[in-house]
Amino acid sequence: MFRNQYDTDVTTWSPTGRLFQVEYAMEAVKQGSAAIGLRSRSHVVLACVNKAQSELSSHQRKIFKVDDHIGVAIAGLTADGRVLSRYMRSESINHSFTYESPLPVGRLVVHLADKAQVCTQRSWKRPYGVGLLVGGLDESGAHLYYNCPSGNYFEYQAFAIGSRSQAAKTYLERRFESFGDSSREDLIKDAILAVRETLQGETLKSSLCTVAILGVDEPFHFLDQEAIQKVIDTFEKVPEEEEGDEAGEGEAEAAAVAPAEQGGAGAGDQDVAPMEM
Amino acid sequence: MTKQHANWSPYDNNGGTCVAIAGSDYCVIAADTRMSTGYSILSRDYSKIHKLADKAVLSSSGFQADVKALQKVLKSRHLIYQHQHNKQMSCPAMAQLLSNTLYFKRFFPYYAFNVLGGLDEEGKGCVFTYDAVGSYERVGYGAQGSGSTLIMPFLDNQLKSPSPLLLPKQDSNTPLSEAEAVDLVKTVFASATERDIYTGDKLEIMILKADGIKTELMDLRKD
């Protein structure tokens, strides 16, 4: 989209019925590093790519615990995301205090969406520049929602946001029908494979991604580096065998990169498990 | 014309007694399970002990509705702390928070008589006693509630150093072993139950150590 005379104010409509400031805010989400969410009937997995500003700095935290039964992954302006996470935590605590029961995630995302909508209808505010993948539980099981700066929210079986998320979405589109009955381990594996898609050629290491999981009998927690590396090792270790099973479709997506990956993965990464080529 | 007094009180006393004893690497927190009002018994099985954090356990006698409200506030504040600091609150930190929370309602107090027990940052047992508006002090042992006047002098007799003027200076921890402390607690409660009508039914004992919390239940006289 190009600059035009209707995009200065969030409270100015364009003649074609668009609010450009809101759409620009959604662009900010697309610039952030990727965040991915998938769910089965009982679990939700959130994963994101750890992007650091420079080699000298640490990476920003993009996945936050809201409560034992709700977690959120963000993409876009991480500062906005942090502030919204604090709001979500506060809502969750207040609900628990008043009703002595956990806040159903479906209610939380409505509060969040309403809060975002306010910023699209005040001349002294700006829309939040962050997209949120909210994973959580209610009485009917696990749910995944996407909240965008416009104030809309959608429920998903699996979704990816941020830069190069299209690659992950393509992978997820192929696989999502099986997620509902997936085991916890398969769900984690699919999440990490989806993250790999967004890396497009760069070798997948446990230090490059953060993964968190929550489930019906499992409070929200992050997976540690060793656990992630173990999952990576199951599909990175024997690249030839991958052609046969589930990662095979993933390979097709990065087909041009596959030969380079097989060679590069072995030579380039001394700290990952040695490739049996 | 004499000043008219309220014919309704927002408070009630549900009775009961709470005790805590700190050791070198443990803390024992105990309370009876009787909840009463006036001369009647409301429950023989009501717990007055509440875990606030991994290393901080609160035991409160007094008006249990206020106690419950106080516990809920502290629990929410602890959750906020964990989100901000990525770790659990230490016992001394919780002690200060409890004091501030109580004083916050200085002009409509929580009718709660608290004893906070736990492990400090060095892993040693600690006990904090409070009044209703938040004045607190770290001690080696404490008792609150309807039986406290019967129990406290006995604990002083058994655990207090003879005189602060004597040397060598003793620290705030009592030199009891864990088994001796639990035994002492059972003894004092059995005695308090004899003469205090609001104390009895069952004794709940929580033993807090670095590796976790153990709970024990002992019968007391039901009359």
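**Figure 1. Helices α4 and α5 of chain A against a five-stranded sheet in the predicted model.** Helix α4 of chain A, residues 165-175, lies across β1 and β8 of chain A and runs at about 170° to β8(A). Helix α5 of chain A, formed by residues 184-199, packs on the sheet as well, where it touches β1, β2, β9 (209-215) and β10 of chain A. The direction of helix α5(A) makes about 25° with that of β2(A).

**Figure 2. The open sheet β8-β1-β2-β9-β10 of chain A.** Five strands are arranged in this order with antiparallel pairing. Strands β8 (158-161) and β10 of chain A are the edge strands, each pairing on one side only. On average, and with direction ignored, neighbouring strands are turned by 10° against each other. Within the sheet, β1(A), residues 35-39, and β2(A), residues 43-49, are joined in the antiparallel sense over five bridges. Ile36(A) has Ala47(A) as its bridge partner in β2(A).

**Figure 3. The open sheet β3-β4-β5-β6-β7 of chain A.** This sheet is likewise built from five strands with antiparallel pairing. Its edges are β3 and β7 (153-156) of chain A, which each pair on one side only. Neighbouring strands are turned by 25° against each other on average, direction ignored. Strand β4(A), residues 70-76, pairs with strand β5(A), residues 130-138, over seven bridges in the antiparallel sense. In this region, Ile70(A) stands opposite Gly136(A) of β5(A).

**Figure 4. The interface between chain A and chain B.** Six residues of chain A are in contact with six residues of chain B. About 720 Å² is buried between the two chains, and carbon and sulfur atoms give 63% of this area. Arg89(A), Ile93(A) and Phe97(A) supply 66% of the area that chain A buries against chain B, more than any other three residues.

**Figure 5. The largest pocket, with a volume of about 680 Å³.** Of its 25 lining residues, the closest to the centre are Lys65(A), Asp67(A), Asp68(A), Leu79(B) and Gln82(B). Helix α1(B) gives the largest share of the lining, eight residues. By class, the lining has six nonpolar, 10 polar and nine charged residues.

Note on methods: Residues are numbered from 1 along each chain as its sequence is written. Chains are lettered from A and ligands numbered from 1 in the order in which they are written. This is a predicted model: local features need pLDDT of at least 70, side-chain atom pairs count only at pLDDT 80 or more; totals for chains, interfaces and linings use all residues. Side-chain values use heavy atoms; hydrogens and water are left out. On a 1 Å grid over the protein atoms alone, a cavity is a set of points where a 1.4 Å probe fits but cannot get out, and a pocket is an open set with protein on both sides within 12 Å along at least five of seven lines; lining residues have an atom within 4 Å of a point. Grid points are joined across faces, edges and corners, and a volume is the space filled by probe spheres set on the points. Helices (H or I, at least four residues) and strands (E, at least two) are DSSP runs, numbered from the N terminus. Ala, Val, Leu, Ile, Met, Phe, Trp, Tyr, Cys and Pro count as nonpolar, Asp, Glu, Lys and Arg as charged, and the others, Gly among them, as polar. Two strands pair if DSSP finds at least two bridges between them. Axes are lines fitted to C-alpha atoms, for helices over the stretch in contact, and angles run from 0 to 180 degrees between N-to-C directions. Contact means heavy atoms within 4.5 Å. Buried area is the accessible area (1.4 Å probe) that two parts lose on being put together, summed over both.
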